[in-house]
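Visitor: I would like to learn how to read a structure like this one. Could you take me through it feature by feature?

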Amino acid sequence: MGPMVDSHLAILAGISLSFVAVKALRWFIKKRQNIPSLPPGPMPFPLLGNVLSIDTKKPWLTYTEWRAVYGDLIFVQILDQEVVVINSQHIAQALLDNRSRIYSDRPYLATLKPYGWLVSFAFIGYNDEWRLCRRLFHQTFRPKSVVRFRQMQIRRARDMVANLVSDPQHYHSHFATFSSSVAMSTVYGYDTSTRNDPLVEIVINAMTGLAMLTPERAIMLKAFPFLLNVPDWCWGSSIKRSAQASSKHVNEMVNVPFQHAREHMADSSQSSMVGENLRRMEMQDEASKPMFETSLKKAATTAIVGSYETMTSTLMAFTLAMVLYPDVQKRAQAEIDSVIGRDRLPMFEDRASLPYIDAILRETFRWAPAVPLGVPHATSSADLYDGYFIPKGATVVCNTWGISRDEKRYPQASHFIPDRFIDVNGLLTDDDPAEYIFGLGRRICPGRYAADTSLWSAIATMLATVDISSAKDDQGKTIDFTAKFMVGVVRYLASP
Ligand code: HEM
């Protein structure tokens, strides 16, 4: 045993020494070439980098803590990946917005292709295919276009409240139904049934696969790509099997609703992204149709995937806030009562007269940002910012959580205080978290206008019609609960 341990130690020592030597050499070359230093950050360990110091489930917490030590721009090494973390809106704007030519790529993730997720243009590189998908998406979801969805959003919000009243226990499911029904309608012109809709089931099945895109799996597949080819009986074949299952579900999500929209194009009175573009496609020459159709499918799928968890998570956070802060709820209801009365329900025309409802929406965005680290960007060339060197191919992460919990900007940041967005005249302030919770630059969430109006209609309709409070036991006593959040790309409150 002795010599074997010795040889392992010798190998480890050798690897560590070569790592230090490579680092020292790179540092020396940079010095010689007068290349400026990387942004500050914690000292990396050989091979592992900083991975052991990061809360891998909630990395935004670690990055937020590190801000106090290293500042608003941090360099982190995660295994062989160079990661630049942005901890302030100012730097996010300076890099992701103002230098978007450099900061609009996405990092390579070894799980995307085998798990079927390259169908989402949110994950693909900054290339011509992305441009076409994004253009198709934008035509339907730009501010002027989303106005036509308003009546449908209000209708869906009222359906959701009807579900909440008849079956309050399953509020998570009603929020999910609301989110997917709005998306299915805008994208495919498809009217979902209020419960157990077959197309929504297909989306839910595919979304389970999205949760499998964990960093651990990506690292395993990057290091051992042969795991995708091992026989079923072999150790490690679970990755291959989960990838096959995920691809199958994603394929269904891409094709089944699309086919439905194609078949019902003629009889659908609703305008939708797929319907309109299929009509446009009929006028195109045969050669360009296949590429157009593939991009349209990707744009459609990404809209469904992009809305489902983010919207549901935001509605869950709003509900939690109303339970924990009953005074906020009462004040919002009083605003609705005084502006609209009790004879009718809120409409978009009332929005400007209901600033406190908008302040609640802003505070929900800030208090519980659905995507706490955004979706990572990547640099397509090296850059120099504020004297620091940002390497080509670095992953760039905007720590939305850190920005939204900055005590200097938001005193008592962990508390839900909508008043922070209301000025002395009772009007909304200039600070709108929508300017950072949807990401920045050319990859900024293109569904943000639809998200804003969907969420407003849901929140305003709920506040006008129901009281949100903790569940009670048979004796009418409040049942204690601890809010638990599930984490992944999207952070969301676990349903009971
Ligand atoms: C509260 C709701 C939502 C939040 C918090 C949210 C947040 C985000 C974030 C942070 C990104 C990454 C931006 C970046 O890379 O800088 C993103 C991308 C995206 N979102 Fe949203 N989103 C929401 C709702 C929606 C909705 C309703 C849709 C569709 C109608 C949508 C469609 C997309 C798409 C297509 C992308 C990919 C953009 C690209 O890579 O070019 N999102 N979203």
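This is a predicted model: local features need pLDDT of at least 70, side-chain atom pairs count only at pLDDT 80 or more; totals for chains, interfaces and linings use all residues.

Visitor: Which protein atom is the donor of the iron atom of the ligand?

Guide: To read a metal site, look for N, O and S atoms within 2.8 Å of the metal. Here the only protein donor is the SG atom of Cys 445, at 2.3 Å from the iron. Cys 445 sits in the loop between helix H16 (434–437) and helix H17 (448–465).

Visitor: Which residues come nearest to the ligand?

Guide: There are 28 residues around the ligand, and those that come nearest are Arg 106, Trp 130, Arg 134, His 377 and Cys 445.

Visitor: Which helix gives the largest share of the shell around the ligand?

Guide: That is H12, with seven residues. H12 spans 289–324, and at least two shell residues come from each of H12, H17 and helix H4 (128–141).

Visitor: How do the shell residues divide into nonpolar, polar and charged?

Guide: The shell has 16 nonpolar residues, nine polar ones and three charged ones.

Visitor: Which side chains have a polar atom facing an oxygen atom of the ligand?

Guide: Look for pairs of N or O atoms within 3.5 Å. The side chain of Arg 106 places an N or O atom 2.8 Å from a ligand oxygen. Trp 130 also has a side-chain N or O atom 2.8 Å from an oxygen of the ligand. For Arg 443, a polar side-chain atom is 3.0 Å from a ligand oxygen.

Visitor: How many disulfides does the structure hold?

Guide: Check the distances between cysteine sulfur atoms, since a disulfide needs a pair within 2.5 Å. This structure holds zero disulfides. Take Cys 398: the closest cysteine sulfur, in Cys 445, is 14 Å from its own, so the two are too far apart for a bond.

Visitor: Are these cysteines buried or exposed?

Guide: Cys 398 is buried, at 9% relative accessible area. Cys 445 is partly exposed, at 26%.

Visitor: Which residues have a positive phi without being a glycine?

Guide: Leu 47 is not a glycine, yet its phi is positive, about 65°. Leu 47 lies in the loop between helix H1 (2–32) and helix H2 (59–70), and it is partly exposed at 47% relative accessible area. Gln 412, also not a glycine, has a positive phi of about 55°. Its place is the loop between helix H15 (400–404) and H16, and Gln 412 is partly exposed, with 47% relative accessibility.

How values were computed. Residues are numbered from 1 along each chain as its sequence is written. Side-chain values use heavy atoms; hydrogens and water are left out. Donors are N, O and S atoms within 2.8 Å of the metal (3.2 Å for Na, K and Ca); water is not among the atoms, so sites may look incomplete. Helices (H or I, at least four residues) and strands (E, at least two) are DSSP runs, numbered from the N terminus. A residue is near a molecule or strand if one of its heavy atoms lies within 4 Å of it. A polar contact is a pair of N or O atoms within 3.5 Å; within protein, one must be able to donate a hydrogen and the other to accept it, and residues adjacent in sequence count only if both atoms are side-chain atoms. Ala, Val, Leu, Ile, Met, Phe, Trp, Tyr, Cys and Pro count as nonpolar, Asp, Glu, Lys and Arg as charged, and the others, Gly among them, as polar. Buried means under 20% relative accessible area, exposed over 50%, partly exposed in between (1.4 Å probe, protein chains only).
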